[in-house]
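Here's a quick tour for anyone meeting this structure for the first time. Take a look at the sequence and the model, then read on.

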Amino acid sequence: MEHAQESRLKTLLLLLALGALAGGLAVRLGGWERAAAVVWSMGTIPVLLALLLEILRSLRRGEIGLDIVAALSMSSALLVGEALAACVVAVMYSGGTFLESFAEGRARRDMRDLLARVPRSATRHRAGALEDIPLDAITPGDRLLIRQGDVVPVDGTIASDTAFLDASALTGEALPVRLARDEAAMSGSTNAGEAFDLIATRPARDSTYAGIVRLVEEAQRSKAPMARLADQWSLGFLAVTVALAVAAWWFTGDPVRAVAVLVVATPCPLILAVPVALVAGLSRAAHFGVLIKGAGPLEAMARTRTLILDKTGTLTEGRPRIVSVLSHDGTTADDILRLAAALDQATKHPVAQAIVAAARERGLTLSVPSSVVETPGEGLSGQVEGRTVLVGGHGFVAARVGQGAARTELPAGSVLVAVGLDRRLAGHLVMADPLRAGTRDMLDGLRREGVERILLATGDRREVAESVTQGLGLDGIRAGLTPDQKVLLVLSERKRGPVMMVGDGVNDAPALAAADVGVAMGARGAAASAEAADVVLLVDRVDRLVPGIGIARGARRIAMESVVAGIGLSVIGMVAAALGHLSPVQGALIQEVIDVAVILNALRALRLSPKGKGAQA
């Protein structure tokens, strides 16, 4: 509401200044010089008063900016009788603030769209009927109806046969995803298919979308170190401006030249270019599923020289997958997997759930098991399709079938799951946490974006880390690390330059907080890693780092170009004014052209198109 009122005030001041400028010119054409000066002054004074109030508010916050130059140019022009120049500056200043508001609104569009999509209520099944309830009333276990076009209000699992969800606003993934019964659905996704039921697994406040909204709001309140640096530069520019204006007056005795210098030095490059370019970069990165918490982290991301990656869930998928199926008695691989998966439906153990998922991916039909007995930490036994099935560790199954088998030599980090059928050892499932597809291309892309040093930091054994990362060309592997040791690694690497740390677990949170830029894999509600991180990859793909860093570097480069070009042109204009080559009115018009050009250049950050893997939105 406050922002809307401020926008209306900026619009009103601009219209008032423009009306006074046009009205004064009309009166002057009629031959009434003094009346024209009064009209121009009446259009200037409200803008000047609003500007003085803004300057006072800034001074209370301990900030000094180039608004002071605009106030000096308007007031000095009125004092020396250059009412037309004062009115042109008023139009220029009010137009600049209006254009800034418009540009930032355009740049924040993608993030604003995220906030605008927050659902306000949900439809819940209750006692055979449907009821509309506020989001805060949803509790885990509630069965919700998600109609076509609805935004999923909370994290949950699909309770219908299928669902088609569009998560493009969150992740940048263009195509809807088909989810089957019992699969997890992320809040904030849009139902792109028929209505389906959802079982809530989290309250709304702890769900993924609520976490994303908190991150976006934090990002919008941020201020980049580069923007603060621009404020510091503005002090130097202010001093140069005043000195040049005083010198022009002192040596020529003409106060109009001093006014001309002040008018030309009413720039918006430093005021506008940096925040517009950086906010545009934030918006563009969000389009690719990279949520950067603010302009500060974006700028730090652009300067990253060292990247430290966690292994499990970052370089690897973070969940075991079946690498191969070994048969020892002639049973087909599909039958071994199908019977093992059917029995494993009875437990929530992560390895068992991975086996069930693998069987379903292959299209195998799973029967309902019976007489299931689970030995915690060892395995399961039960009946499937009239057969006795055992699934578990090699020792657990071998002891119960009274039979051994030669243990297969496995790569480091692999897990062997034995399967027994009717009191014989039927085979083994070889499982491992595989490297994410395209990891090598992703690392090559990061090096092309200027990352000079890439390290692996993991709590796993060294032989496992070396086996998984073989051939990736990492600059170092640090294995067997505790969370505290990961923090020490980050702090030691910071001596070489800005460090980015990427992780996905609670144990990574301290290291993410210690790094110049902490990156969390996935925004899973209020997870500690997402809260501690500066950047959150909304889609579970580490290759999104490549477009993220590319956009950050591009936005920072565009901001610097705008500042250097804008200030350089302003200084040239000031010198020309001091030498008497520009009148106050001419100087004001030239500065307006410079301001518009600088802002349009800063908006180029909205069209940044990173190359390489992960850049496809």
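Which residues of α11 are buried?

## Helix α11

They are A295, G296, P297, L298, E299, A300, M301 and A302. Buried here means under 20% relative accessible area, while exposed is over 50% and partly exposed lies in between (1.4 Å probe, protein chains only). So helix α11, residues 295-302, is mostly covered, with 8 of its 8 residues buried. Helices (H or I, at least four residues) and strands (E, at least two) are DSSP runs, numbered from the N terminus.

## About the model

This is a predicted model, where local features need pLDDT of at least 70, side-chain atom pairs count only at pLDDT 80 or more, and totals for chains, interfaces and linings use all residues. Residues are numbered from 1 along each chain as its sequence is written, and side-chain values use heavy atoms, with hydrogens and water left out.

## S76 in helix α3

Over in helix α3 (residues 67-79) you'll find S76. S76 is buried, with a relative accessible area of 15%. Setting aside neighbours within four places in sequence, S76 is in contact (heavy atoms within 4.5 Å) with V259 and L262.

## Strands that pair

Two strands pair if DSSP finds at least two bridges between them. An open sheet of 3 strands runs in the order β6-β5-β8, with antiparallel pairing. Its edge strands, β6 (177-180) and β8 (190-191), each pair on one side only. Strand β5 (residues 162-166) joins β8 over 2 bridges, and D166 sits opposite T190 in β8.

Elsewhere, β3 (residues 143-146) pairs with β1 (residues 121-126) in the antiparallel sense over 2 bridges; L144 in β3 is the bridge partner of R124. β3 also pairs with β9 (residues 196-200), again antiparallel, over 4 bridges, with R143 opposite I199 in β9.
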